[in-house]
Amino acid sequence: MVKYNFKKITVVPDGKKFVDIILSRTQRQTPTVTHKSKKISQLRSFYMRKIKFTQSNFVEKLSTIVYEFPRLEEINPFYDNLLNVLYDKDHYKLALGQLNTAKKLITKIASDYVKLVKYGDSLYRCKSLKVSALGRMCTVMKKVGPSLAYLEEVRQHMARLPSIDPNARTLLICGCPNVGKSSFMNKVTRADVDVQTYAFTTKSLFVGHTDYKCLRYQVIDTPGVLDRPMEDRNIIEMCSVTALAYLRAAVLFFLDVSGSCGYTIAQQASLFHSLKSSFANKPLVIVCNKTDLVSVESLSEEDLKLIEEMKTEEAVVLNMSTLTEEGVMAVKNSACEKLLDRRVEEKMKSRRVSDHLNRFHVAMPKLRDDKERLPCTPQVVMEAGEKRKTEKDLEDENGGAGVYSASLKKKYILADESWKDDIIPEICDGHNVADFMDPDILNRLEELTSEEDRRKAEDDEEDEFEIEGEKLTEEQKKQLADIRKKKALLIQEHRLKKSNAQNRAAVPRKFNKDKKFTRERLGRDLSSLGLDPSSAMNRARSKSRGRKRERCDDVNDEQQSNKKLCLSRSLSRSRSVLAGEGFKDSCQKIKALKIGNKSHRKRNKDARRGEADRVIPTLKPKYLFSGKRGKGKTQRR
């Protein structure tokens with residue numbers, strides 16, 4: 001079980017966002033309206049509540065951030081040193097310490113201003129103290145903004161770290177760059193580590209898992225290490241050195257005997273001796289990789305001597321090739337076995353082993369007498385002869401799992417054993433489907449297809465035009481083809497216009513730019529048909545002219561009076577009083593209609609409002625909407 005899970009650390013907001021979160025929460029979860037006519041004790045408690053609520057939210061949020069980040073003194077030394085390599089332990093502690101200091105400052109500011117608000121003598125004084133308290137708290141948070149940003153970067157990086165259990169059974173792979181460490185990792189685990197032909201492809205620790213003797217082992221692939229002083233090594237190399245120094249694991253040191261990694265065996269041996277102090281009290285396996293390129297036997301005597309010098313009493317030298325997978329499982333099994341033996345040996349040396357051994361009793365059977373008793377096979381078993389085949393044996397004989405499909409019909413109890421392999425009929429609406437299937441349906445389908453193709457070919461060969469059973473001449477056929485082609489084009493044009501008509505506005509004919517339907521064209525068309533176009537042209541001309549106002553001075557008085565009478569009738573028709581309406585005159589009717597319409601308004605509003613509608617009347621207290629308002633913000637009231 002993984003003890004450290006850095007993915008659950010809360011997101012750390014920056015300074016401005018932190019302030020916005022707390023102030024919006026204060027605005028939403030505390031009362032927002034008070035009045036100067038209330039008692040001074042109520043005003044004081046109103047503003048003290050806001051200050052205390054804001055302070056508690058700041059402290060709660062900061063405490064969550066501080067407590068969720070790991071404390072370097074309480075975690076495993078491996079993670080302690082790894083965090084020191086990646087993020088600088090001093091900077092990390094300083095950022096958390098600044099958050100603790102900010103928490104104490106906010107608490108002190110809140111307590112000081114609560115004391116001042118207790119002696120506030122007016123609404124304005126209490127409100128000013130509240131604004132000042134919240135402003136000082138926000139200033140403190142803005143000052144620790146860089147620390148919050150640094151902790152957020154650390155949190156994001158820690159969430160991407162692999163989940164390594166320092167107490168689990170571990171195989172640690174190390175060596176020079178590009179010697180085949182990641183290739184071995186991909187072979188023995190299900191991890192997918194990037195493998196390339198250049199050095200330092202692996203830039204951080206990668207974790208995979210494998211099984212040996214029903215036990216789970218974690219395999220850690222480390223970045224390549226160069227042979228140079230400790231102070232000259234970069235962060236990538238220091239990750240490998242930290243894992244070697246602080247993890248209890250079986251170490252697999254990889255050697256590239258072919259030299260294709262860019263480092264000679266002498267350089268790799270020098271690196272081994274510089275890291276030898278980290279291999280103390282740990283199972284060690286020296287792996288000679290890339291034997292498919294150069295075998296170990298073909299190496300020079302100097303290289304073989306260097307490899308022998310690397311070999312200690314407990315170290316084992318094994319040959320392997322990750323390309324051909326030769327010796328891969330042997331290396332894995334040897335490392336797991338050595339690690340298992342070492343862990344058992346350490347447990348046997350511990351103080352608690354005696355307490356556990358006292359709970360066990362191993363019973364050793366003793367001989368009853370000196371008589372020799374040979375194994376005996378019952379006579380019934382010997383007479384049975386050949387062993388009965390099980391379903392597992394049949395599966396192995398017929399392709400194995402995923403290929404063999406067990407037959408469910410062989411256990412059927414039927415009157416005749418030969419019926420077991422018969423096809424079960426398909427029944428539909430009480431009828432057997434097989435009775436309605438034609439066995440020659442495919443042949444008939446081919447015959448119909450061939451006949452259809454033959455008739456189509458005959459029709460194409462004839463290609464004759466007939467009208468009312470009479471054959472046409474070649475000239476008539478040509479004219480008929482042109483007519484049909486023209487007709488098809490007209491139909492296509494009409495459909496196109498019809499489809500586009502929905503996407504364009506209707507344009508009057510006089511604004512039509514094409515000018516397709518003009519009086520000149522109308523005259524030409526009528527003349528071509530042998531008709532006289534003069535009357536039609538005159539009518540079109542008269543229709544196209546607009547109506548003009550008559551400017552004649554000899555209009556008699558009788559016509560003018562008739563026009564005024566008609567206009568007055570049309571205007572006063574709605575105001576006239578009919579018999580039986582109960583109004584004295586039209587003025588009384590108009591006044592009554594106005595009163596009636598005004599009385600209907602309230603009922604109409606009530607009719608549109610349901611029982612569940614939330615009614616918020618417009619409240620405009622005088623103290624908020626009277627007098628002049630000065631410059632600046634007005635959101636705090």
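How many bridges pair β4 with strand β5 (residues 284-289), and is the pairing parallel or antiparallel? There are six bridges, and the two strands run in the parallel sense. Keep in mind that what you're looking at is a predicted model.

## The chain as a whole

The protein chain has 637 residues, and 28% of them count as buried. Its fold is built from 21 helices and 10 strands. Take the contacts between residues at least 6 apart in sequence: 67% of these join residues at least 24 apart.

Now for β4, which covers residues 250-256. Seven of its seven residues are buried, so β4 is largely enclosed by the rest of the structure. Side chains in a regular strand alternate between the two faces of the sheet. You can follow that here: Ala250, Leu252, Phe254 and Asp256 point one way, while Val251, Phe253 and Leu255 point the other. Note that Asp256 is on the buried list along with the rest of them.

β4 has a partner in strand β1 (residues 170-175) as well, with five bridges joining the two in parallel. If you want a spot to check, Leu171 has Ala250 of β4 as its bridge partner. On the β5 pairing, look for Val251, which stands opposite Leu284.

## Aromatic rings

What about ring-on-ring pairs? The count comes to 10 aromatic pairs. One of these is Phe18 with Phe58, a stacked pair with 6.1 Å centre to centre and 5° between the planes. Phe18 sits in helix α1 (residues 15-29) and Phe58 in helix α2 (residues 40-68), so the pair ties together parts that are 40 residues apart in sequence. Both Phe18 and Phe58 are buried.

Elsewhere, Phe6, Phe78 and Tyr79 make up one aromatic cluster. There's also a charge to look at: Arg169 lies over the face of Tyr217, 5.7 Å from the ring centre.

Key: Residues numbered from 1 in each chain as written. Predicted model: local features only at pLDDT ≥ 70, side-chain atom pairs only at ≥ 80, totals over all residues. Heavy atoms only, no water. Phe/Tyr/Trp six-rings, centres within 6.5 Å; stacked < 30°, edge-to-face > 60°. Helix = DSSP H or I, 4+ residues; strand = E, 2+ residues; numbered from the N terminus. Buried < 20%, exposed > 50% of the residue type's maximum accessible area, 1.4 Å probe, protein only. Lys NZ or Arg CZ within 6 Å of the ring centre and 35° of its normal. Contact = heavy atoms within 4.5 Å. Pairing = 2+ DSSP bridges.
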